[in-house]
Amino acid sequence: MVITVGLVGNPNVGKTSIFNRLVGARQYVANWPGVTVSKIEGATTWLNDTIHVIDLPGTYSLTSQSTDEKVTRDFLFYTPPNVTVLIADSINPEQSFYLLIELLELNSNVILVMNSIDEARKLGIKINKFELQKHFGIPVVFTSAKTGEGIEELKNLIVEVARGKHSKKVIFNYGNLENLILQIEKDIPDNLFSNKRFAALKFLEGDKEIKDDLSSHINIENSIIENASTLIPTIRYSHVENIIKEAYSGKSLNYQRTINDRIDHVLTHKYFGIPILLLIMYLVFKFTFDIVQPLSDYLNFLISNLSIFIKSFGDNSFISLLADGVVSGVGGVLVFIPNIFALFFALGILEETGYLPRAAFVVDRIMYKMKLSGRSFMSLLLGFGCNVSSIMSTRGLPDEKERIGTILASPFISCSARLPVYLMITSIFFNKYKGEVLFSIYIFSIVITAFTAYFVNKLFFKGEDVPLVMELPRYRIPTLRNILIYMWNKGSHFIEKAGTIIFAASIVVWFLSYFPSNGQIETSFAAYLGKLIEPILKPLGFNWQIATSLLFGASAKEVIVSSLSMLYGFAENDLSTAKLLISQSMSGVSAYAFLIFVLLYFPCFATLSSIKSETGSWKWVFFSVIYSFIVAYIFSYLIVLIGNIIF
Amino acid sequence: MTLDKAPVGSKVRVVNISDSPIKHRLLGIGIIPNSIIEVVHSSPMGDPRVYRIFNKLISLRHSEASNIEVELLDDYIPLSHAPDGEYVITSFLGGFNFKKKMFSFGLQIGSKLTVKNGEVFHNNNKIFLGQGMKKKILLRRA
């Protein structure tokens, strides 16, 4: 039997950790049909059944306002899963129980998971399981995503509930409103909603969609709805408080609050908050770029040797395709895997500890000035990994203006695919100041991103701003397991890209540079193309090899590395000499201008296609291409001008 | 008073939430009439600020907090907002140096203060305090 399970919960209650515990690394990401929110699914086998788990977007309420909330609500309402699992926070259960009551008004096949039970115990909080089961009428399980406690019990319960273990239907009473609710239920046509009580409640709460569906059938004064829309949540919370009073005992929560407040006092401090944020970012990049470098160097050594080994078998176009096209091309990018995994490892730590929302909180005022919010800050931060994931995460943003602004600004966030280019150029030209040069590029990237967001909002949306309501979760000690899954999920995307787009691009680049004259690079197709656009890039100090590599870089930025090493490597047949040649072909100032050009010039094909799919319009794609090229050219030219005066 | 005007450190009771595109989310988080909100601290640039609702920390911008009508709780009135009357100091929001300074004025937790025509008296001596300092002294009615 295949059992579908929907995971529901507030943001930051450890929903993803429970999901990881249930299905392990066997998970995949798809899209919710019709909307732009990603759907995370996974499956696991338990005894004789297959449990298929869907991780629903975190929400506080089933009254839909943002796209995220709508996805969760619509999924549960229109296509209810066999079992719904609500993940609650044992330490701060109020908001979780509120959502649970809404959920029970919708479905009864619910399991309540009291997560972080280990932390609650440590704090001396006592929770009576049977009271919870009695009041909610559903099975309850205590879990800890950290230790794995309760996960087997949860799987057993999922199977039992799916097999029809009956839960007691509890009706939460709305006092004076009950008559009104009954009256609306009567007016709802049978064919419209099967769960009439839920629809009636949502109608009274002012849910836009349900209201639109029902407005022709129901005639109630607006002032009554206005009143009920506040009263219903208030009554729900009074139920929550009563249940907590019955089920909770033991120590109060003051201890944890103090520790949290002290950490917050430092990390979001009036004067130290922003410097600490910059310092943490600097450490993340130092870790990514400097500390794991020996690993990359070793991989580089292995790949060069493999290429030499293949060439020892002879000299024909097939051997050249293998050695210079496939191994050098893909391998030249694969050496950056340690860096990219290190970056996601560090970001995973920031996410798991609960620092990321603080970072958003600290910089919100600045982001707000750029017509962005803390939420989009987090989206943009993902862009440091890959602009595609950054653009895809903008789906969570409830506001169209902010989404467009973030989507068009995020290609300027320096993604990990540009990293190979920076690393190669800096190790040739700025070896002593590697960390500092890279840091300056990232600062550059942030400034241009902010400017673009502001510019886009001013240009297309007349400067209207966007709301932000965000939770700051309590600090947690991250688990290695979660960080590794996070790192693998994000990082493996890069390997996939290396295997597909970059593999194809490497072969095309090899083809264009090998033919028509069998490896004579100066007379190859690639050279003609590069020489064709060379005059445009001449003022920046770029020669035709650089121009050609930039052209190929449009398929994916890391291809610049493989095409450069091929364009130069062909002449001398080894990587270190190619590096020497590159360093002779450009001045240091032009090399820096090249780095900035690579940062800013038009987004890669994958990014452009996601701009198209997210905005649904070619208009934004064209805007992005033209705007970014102009920005790249202007800034690189300025750097060459100013640099030549100084040096 | 709206929530964005409540000083840091004070506790307030929600009176009303006006209609806005974020009303449902605020209600879902637990910002409902009669719930208690503590203003925890502000971000480096003063806006947004963090509020404690039940035990969760929620950040709101001033523009959003201004949708929430609140009143100060009697035990957490900052001196800067205290109308004329008799008060007892319940806590100081400053660090060690602030407390030391207050002590030099003869003020500590439990000291009685009188506010008359906006002026502050302790043991019938008038005390001159800046607006910033007044914000850091929390009172309850005596």
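Predicted model: local features only at pLDDT ≥ 70, side-chain atom pairs only at ≥ 80, totals over all residues.
In strand β4 of chain B, the residue that A:E471 has as its bridge partner is B:I58, and A:M470 stands opposite B:S59 in that strand. Residues are numbered from 1 along each chain as its sequence is written, while chains are lettered from A and ligands numbered from 1 in the order in which they are written.

β10(A) and β4(B), the latter being residues 56-60, pair in the antiparallel sense over four bridges; two strands count as paired if DSSP finds at least two bridges between them, and strands are DSSP runs of E with at least two residues, helices runs of H or I with at least four, numbered from the N terminus.

This pairing belongs to an open, antiparallel sheet of six strands, ordered β10(A)-β4(B)-β3(B)-β2(B)-β1(B)-β5(B). Its edge strands, each pairing on one side only, are β10 (469-472) of chain A and β5 (68-72) of chain B, and the twist averages 40° from one strand to the next; angles here run from 0 to 180 degrees between N-to-C directions, with axes fitted as lines to C-alpha atoms, for helices over the stretch in contact.

Helix α16 of chain A, residues 355-369, packs on the sheet, touching β10 of chain A together with β4 of chain B, and its direction makes about 135° with that of β10(A); contact requires C-beta atoms, placed from the backbone, to lie within 7 Å.

Which way do the residues of β10(A) point? A:V469 and A:E471 point one way and A:M470 and A:L472 the other, and all are buried, where buried means that 20 or more other C-beta atoms lie within 10 Å of the residue's own, those atoms being placed from the backbone.

Turning to the contact between the chains, 28 residues come from chain A and 28 residues from chain B. On the chain A side, the elements that give two or more residues are α3 (94-106), α10 (222-247), α12 (273-291), α16 and β10. The residues of that side divide into 13 nonpolar, nine polar and six charged, counting Ala, Val, Leu, Ile, Met, Phe, Trp, Tyr, Cys and Pro as nonpolar, Asp, Glu, Lys and Arg as charged, and the others, Gly among them, as polar.

Note on methods
Contact = placed C-beta atoms within 7 Å. Buried ≥ 20, exposed ≤ 12 C-beta atoms within 10 Å, placed from the backbone.
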